[in-house]
Amino acid sequence: MTRAAPPIGSGLLEWLAAGPVICAEGYLFEIERRGYLTAGAYVPEAVLEHPDAVIQLHREFLHAGSDVMLAFTYYAHREKLRLIGKEDQLEQMNRTAVRLARAVAEEGNALVAGNVSNSNIFVEGDPESARTVRAMFDEQVGWAVDEGVDFFVAETIGYVGEALLALEAIKETGLPAVINLAIFRDPHTREGLTPAEACKRLEDAGADVVGLNCVRGPATMLPLLGQIHEAVSCHVSALPVAYRTTEDEPTFLSLSDPGCACLPEGRAFPTGLDNLACNRYEIAEFTKEAQALGVNYLGVCCGAAPHHIRSMAEALGREPPASRHSPDMSRHAYLGTVPEIPAANKEFAKSL
Ligand SMILES: [Zn+2]
C-alpha cells in the first residue's frame, strides 16, 4: 500500500495532519546527468525542449513514493532566462512546467507544488532589489496559480529577507507556503540569523511549513533541524542534498574527492560529486532521524534519484509501487539463501 492519503480534494495541510509528506526534488541535477540541460546556468530548458524527459522523472518519483510533484520551475526566473538570452520563453517555460507536473500528479494521488527559488540578485537592505525580486516572484507565482497548483515551495534562499518576499507573493494567492532556506558553510542565514531565528520569523509572517533544503547533506543538515523544530510551532521541512557532507566540508559546494585526480579545477561540485553520493540506506537513516526530531515535510534535493525516494518512503513505513522491486538478496546468484541457489555457488560466495 501507499500512504493513507486524505480524501481527494484535501490540500497540503490536511496531508501533513495525516502524517509526513514526501517531496522529491533534485530535478536540475538529475535532468543534467541525463543530458537535457546545462550545468552552470542550470536553467530548466528541458521543460520546453525535452518535456518527455521531465515527465519521465516526475513519473519515476511518483512511482518511488513522492507525494508531491514539484513543478520544474527552479531557476525558470527572469534573471536566469535573461542570462541565457531566452527571456521571451519565461512565461511559456513556467506554464508548461506546471502542466507537466499536474499531468503526472493526476496519474497518482499526488499534490502539485509551484516553485520559486533564490533570485541571485537580492541585495540586503536595498529597496530597489527587493522590488525587482518581488516582481520576479509575483510573475512566477501568478502563472503557476493560473495553471493550477495546490501549494507553493520557495526554496534554496540564503537571505530570510528574500524568503519573506517570496512568502508575501505566495500569501497573496491564499495557498499554503513551504519556505526552505539554504544554509551555507556559516550555519546562519546570509544576514547572520540562526536557522531557528529565521524560521521563526517566517512562521510569524504566515509560512505554513519552514525549514531547510539543498546545500547541506544529511549529516550537516540534521544538527540544525532540532533547533528549528523547538523554535516554531508550524510544520518543519528538511530536504538535504544526497551527498556525504562533513563537519569540515559541510556543503556540497565545498566537498572534495581525494580519490579523483581529474576533477575540473580540482572541484567536485557540481559535476564530479558521484563518488560522494549518499546511498539509499543513508537516506533511510536520515529520514528516521529527521522524523524523530519532528520534521514531517521530507525530501531529497540535488543528487536525489528515485531509489533514494523509495528508501525514504519505506523508512516511513510505506510501500510505494516501486517497492515491488525493492532488494531481495535471497535470490542472488552467490549471496542468495533460498534452496534453489546451488550449494557450490553459496560456497563460492567466500571467494567473491
Ligand atoms: Zn538542491
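Start your tour of this predicted model by selecting cysteine 214, which sits in the loop that runs from β6 (209-213) to α10 (218-231). Look at its backbone: phi is positive here, about 60°, even though the residue is not a glycine. Now show the surroundings. Cysteine 214 counts as buried because it has 27 C-beta neighbours inside 10 Å, and 20 or more are enough for that label.

Next, select tyrosine 75, in the loop between β2 (68-70) and α5 (78-83). Tyrosine 75 is not a glycine, yet its phi is positive, at about 65°. Is this residue buried or exposed? With 23 C-beta neighbours inside 10 Å, tyrosine 75 counts as buried.

For a peptide bond worth a look, move to phenylalanine 269 and proline 270. The bond joining these two residues is cis, with omega about -5°. To place proline 270 in the fold, display the loop between β7 (235-239) and α11 (280-292), where this proline lies.

Finish at leucine 13, in helix α1, which covers residues 12-18. Leucine 13 has 16 C-beta neighbours inside 10 Å, so it counts as partly exposed. Which residues does leucine 13 touch, not counting those up to four places away in sequence? Select Pro176 and Asp208 to see them. Then draw a distance from the C-alpha of leucine 13 to the C-alpha of proline 176: the two are 7.5 Å apart in space, while 163 residues apart in sequence.

Definitions and conventions:
Residues numbered from 1 in each chain as written. Predicted model: local features only at pLDDT ≥ 70, side-chain atom pairs only at ≥ 80, totals over all residues. Helix = DSSP H or I, 4+ residues; strand = E, 2+ residues; numbered from the N terminus. Buried ≥ 20, exposed ≤ 12 C-beta atoms within 10 Å, placed from the backbone. Contact = placed C-beta atoms within 7 Å.
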